[in-house]
Every structure is written in structure tokens, then in C-alpha cells.
Amino acid sequence: MPRPLVLVHGYSADAKAFHPVRAALLAAMEKQEIKLVDINICNYISLNNEITIKDIAEGFDRALGLCAGLKNGEEFDAIVHSTGMLVVRSWLANYGGPLSTNARLKRLKHLVGLAPATWGSPQAHKGRTWLGALVKGDKELGPDFLNAGDRVLEGLELGSEFTWDLSTEDLLGEKPYYGRGDDTPYVTVFIGNAEYTGVSSVANSPGSDGTVRWAGCGLNTRKITVDLTRTGTDGKRLQMSPWANDRLDIPIIAVDGKSHATILSDPDPTMINLVLKFLGVTTDKEHADWLKEAQAFSANALLQMLKDPGPGGILGGAEKILKKIEGEPAEPAIEGWQQFVVLARDEWGDGISDYLMEVHRWDNGQWVKFDQMSMDVHAYGPDQSYRCFYIRLPKGISQPGTRLCLCINASTGTELMAYRAYTSAKESVELSEQAPPIQLDITNLGPTGQETLFFPFTTTMIEIMINREPVPFDKETRVLNFEKIEECTS
């Protein structure tokens, strides 16, 4: 492993956060008689209200260009924590030329994510509050005093425009950023299966390591496009992208007993050994063998992530105690967790802020609302056309052939305009708060027609496109009409 190693920390941290991992890596290298390499730990500013993640990515490029052993375009490996993943992915995406000439993809050989904030964090929107500033804000007197890093947190917010655009580019682009072979980096992701303890437990949310969601850190992502515009093509109004089009399989590798913090402060020795072995992967065959070994390590920890936490709060705790008294299992198994990031827009590309999206399943001869889909919904603060859903998947829901439909409705907020959904070139439906939602059968999706909407521990993007038109649709409207000239009669 002769390449330099670069370590990139997360939001509100500094280089010291990576000291335990660096020490563990050096000790393991020495024990295994692996040649020691230069380990460079980044320091970057995140607690400044004007700095963005893209700015930090530019700083990353500048630092590489001035660092001995890296300044001449040498190949390197990177290990990132939390926001560090977004920094490095932004650096890869901001090359400034065609993807075919992006030398950064070939230069970075391996990328290891430790609890990466691939899709942000449920804590980010709370960090902009005054309380967030007191807890995480910059305490150094000066122009940044008590800044919480508003623009970094905006990028980290669930369903952010930043993570949508970045993922559209590097995870779902026509040519893969993370493919099989030597022209793109090999990528893997480790995530702890435990939450915070003590005072920090106030930040915990179900299905997370305390800061990032289990289903929101892997890089296996699909996108569903729902094109209900007038110019949409019949037969292609509902499409799902394939899992892999020469893309690398990048699932989560679970680490038992580690939270977002302790995966760094107290790194698991087996995880460290797997990281070292991963940094030596050079072929698709070696990667497949490594992934098989890593998933075997992950198996027991992953089982702990299949427990249903049940309702939260005091009532939820009382319900668990009651079930134990009655002899019922307090934590029935689930299939896992899944995150959905949704964008609704009109034919102009403008966002739709007032809309409804639900999933219904067929049960006893009728469509029944899948309530899990609406239990944890977050609308992105700066633009509510972006939303993020987080669900626990009940047993059997992801089986192919499970009858599902997508229900969509939207409102313009004015009687002068309405959203119009074209189910075909000849048929359309007016959407409004008074009208029932449109129903789209999504039982069989994907290129093969056998894919299902649900897949544990992944993030699915859904883009909904609908026309915005003056009403009524078939007559002259109040929005614009021609002057009526009265004829004179004598």
C-alpha cells in the first residue's frame, strides 16, 4: 500500500478526531509488516455561516496541490467521516471538464466512508437554531463567534438540493463515477449500529447511528422518474433506473456497538484490518472477494439493525414494557430501513411546494394507505419541493409482486391555476385539494418489470413532473383573455 492516505473529518470537528484511527492504522500496518505510508489529516472550517461544502472541496484541492507527496498529481487513498464524504465527492464532481477527462476519478484509488453523511443528517436542520449554535457553534472570539455553519448545514439537511444535485451527477449519471476497474475509485462504507449514550442521546433518532441514517450513508441508489407532463412519452411515464450500469456495489458494512462518534474515537480492530485490506484492492475479482468477507463481518451487527424500535417517547416505552409482561416480543423483526428523497416540479422546472405523495398497498381487495410512508417526513427548509421520507420496512413488503400504487396530488394555492397530470397523451387529470389524488400502479418497476419500490438500507430518489396550467383547461381563462368589444346597436 505505497500510496499516501488522506483523512477528512466531519462537520464541527478537526484533525484530532482522526487521531485514534490514524494510530490504529499505523499499529495494524506495523503488526502486519505493511510498509508505512504518509497519512495526512485535513483541517477545515465548517462553523462559518458563509462557507459551503463546495468551498471546502475547493480548499481540499488547493491543499492537495501544495502538499508534499500529493502536489504533483500523485495517486492517493482517502478515509472520510460524516461530512467528509460530501467534501470528497464534491471535489470529484467539480473537475470542470467532461467526465471522460476527469483525472480526479483516476487519481483517487480508494474511498472509505466511516459513518458518511452521504445523504445528510436528520440533525442538520436543528443546528441552525440558537441552541445548535450554543452546542456546536464556533466559540473562538472573532467574526465567526457562535456561527453554526449555516450553509454547510443547509447542504447537510435531509432532502437538500445540494445532495440531490450531487447524487444525480455522481451516483446516477450516464457514466459511473464509482465503477468497476482502475479508472474510478473503489468505494466502501462502514456504519455503526448503535446510537449515542448519556447526554448526547438527545440527538438520537430511530434507524441511525445518532447522526446519520443507516439507509442514508450507502451509495447504492436508484431513481424513479414520474413524468406526468404533456410532453411525456406514453409507456415511459413511470421509470426506474437500474441498480448497476457498470457501477460498483457499495452497500453498508455494519459495525457492532459503534455510534457516529465511537466509530472514530474507538475504532473496531477488525474494521481497521478490513480497511487496510480494502486499500489493497486492485481488481473487480479482489473487490468481490473483499466485499464477501466484509459482509460476513457485518452480518451479526446488521441483524441488530432489523429490530423494530416501535413508537418513540414515553408511550412507546410503556408499550414495550406491556408487551414483555404479556409475553409478546417487544422488538419484532423488520426488513430494514429505507430512505426516499423526493422532488416535485412543473414542466418549467419550478418546484411544487404543496404536494402529497403516498404509497398504498393492496389488502383484502382494496387499496390501503401504507402508513409507514408518512411517519417520518422532512421538507427541505429553503425549498419544500424537496422532501425526505424515512421508513422501517415490515416483513414481506419488498417481495416482488407485492401490489403497490403511488398516490400523487398537488395544489397551486390559487383558483386561477392548477396542476394537470397527463396519464397518457389523450388523458389528463386536474389535481387540487378538493380532488382525489391520482393513482399509479407501481407493482412492477425497473428495466425488467420485476423490480419493487422497496429495498432495505438504500436511498431511492423520486422525481415527479406535472404540468401547471391556467383553469379551466378547456376554455379561455381569467389569467389571460382577449378583450371583448361590444357591438354598437342603433
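Phe60 is in contact (heavy atoms within 4.5 Å) with Val6, Val8, Cys42, Phe76, Val87, Val88 and Trp91, leaving aside its neighbours within four places in sequence. The structure is a predicted model, in which local features need pLDDT of at least 70 and side-chain atom pairs count only at pLDDT 80 or more, whereas totals for chains, interfaces and linings use all residues. Residues are numbered from 1 along each chain as its sequence is written, and side-chain values use heavy atoms, with hydrogens and water left out.

Phe60 and Phe190 touch the most other members of the largest nonpolar core, which holds 95 residues. A nonpolar core is here a set of buried Ala, Val, Leu, Ile, Met, Phe, Trp, Tyr and Cys residues joined through side-chain atoms within 4.5 Å. Buried denotes under 20% relative accessible area, exposed over 50%, and partly exposed the range in between, with a 1.4 Å probe and protein chains only. A second, separate core comprises 33 residues, including Leu228, Ala344, Leu404 and Ile442. In soluble globular proteins, nonpolar side chains tend to be buried together.

The protein chain contains eleven helices and 18 strands. Its radius of gyration is 25 Å, close to the 23 Å given by the globule rule for 490 residues, so the chain is as compact as a globular protein of that length. The radius is taken over C-alpha atoms, and the rule is 2.2 Å times the number of residues to the power 0.38. Helices (H or I, at least four residues) and strands (E, at least two) are DSSP runs numbered from the N terminus. The C-alpha trace spans about 105 × 60 × 50 Å along its principal axes. Of the 490 residues, 50% are buried. Among contacts with a separation of 6 or more, 78% are between residues 24 or more positions apart. The chain exposes about 23300 Å², of which carbon and sulfur atoms supply 52%; accessible areas come from the Shrake-Rupley method with a 1.4 Å probe, and for residues only the protein chains shown count as cover.

Strand E6 (residues 221-228) has seven of its eight residues buried, so the strand is largely enclosed by the rest of the structure. E6 pairs in the parallel sense with strand E18 (residues 458-470) over eight bridges, where two strands count as paired if DSSP finds at least two bridges between them. Within this pairing, Arg222 stands opposite Thr460 in E18. E6 also runs antiparallel to strand E7 (residues 238-240), to which three bridges join it. Leu238 in E7 is the bridge partner of Val226. In the segment after E18 lies Pro472, and the peptide bond from Val471 to Pro472 is cis, with omega near 0°.

An open sheet of four strands has the order E11-E10-E14-E17, with antiparallel pairing. Strands E11 (366-369) and E17 (438-441) stand at the edges with a single partner strand each, so one side of each lacks a neighbour in the sheet. Neighbouring strands of this sheet are turned by 35° against each other on average, direction ignored; the axes are lines fitted to C-alpha atoms, for helices over the stretch in contact, and angles run from 0 to 180 degrees between N-to-C directions. Four bridges connect E17 with strand E14 (residues 404-410) in the antiparallel sense, and Ile438 in E17 is the bridge partner of Ile408. The loop between strand E16 (428-431) and E17 contains Ser432, which counts as buried at 15% relative accessibility. Ser432 touches Asn409 and Ala410, not counting residues up to four places away in sequence.

Most residues other than glycine have a negative phi, and most peptide bonds are trans. Asn364, although not a glycine, has a positive phi of about 55°. Asn364 lies in the loop between strand E10 (355-363) and E11 and is exposed, at 73% relative accessibility. Ala115 likewise has a positive phi, of about 50°, without being a glycine. Ala115 is found in strand E4 (residues 108-116) and is buried, at 0% relative accessibility.

Helix H10 (residues 284-304) includes Ala296, an exposed residue with a relative accessible area of 56%. Ala296 and Ala254 are 42 residues apart in sequence, and their C-alpha atoms are 10.0 Å apart in space.
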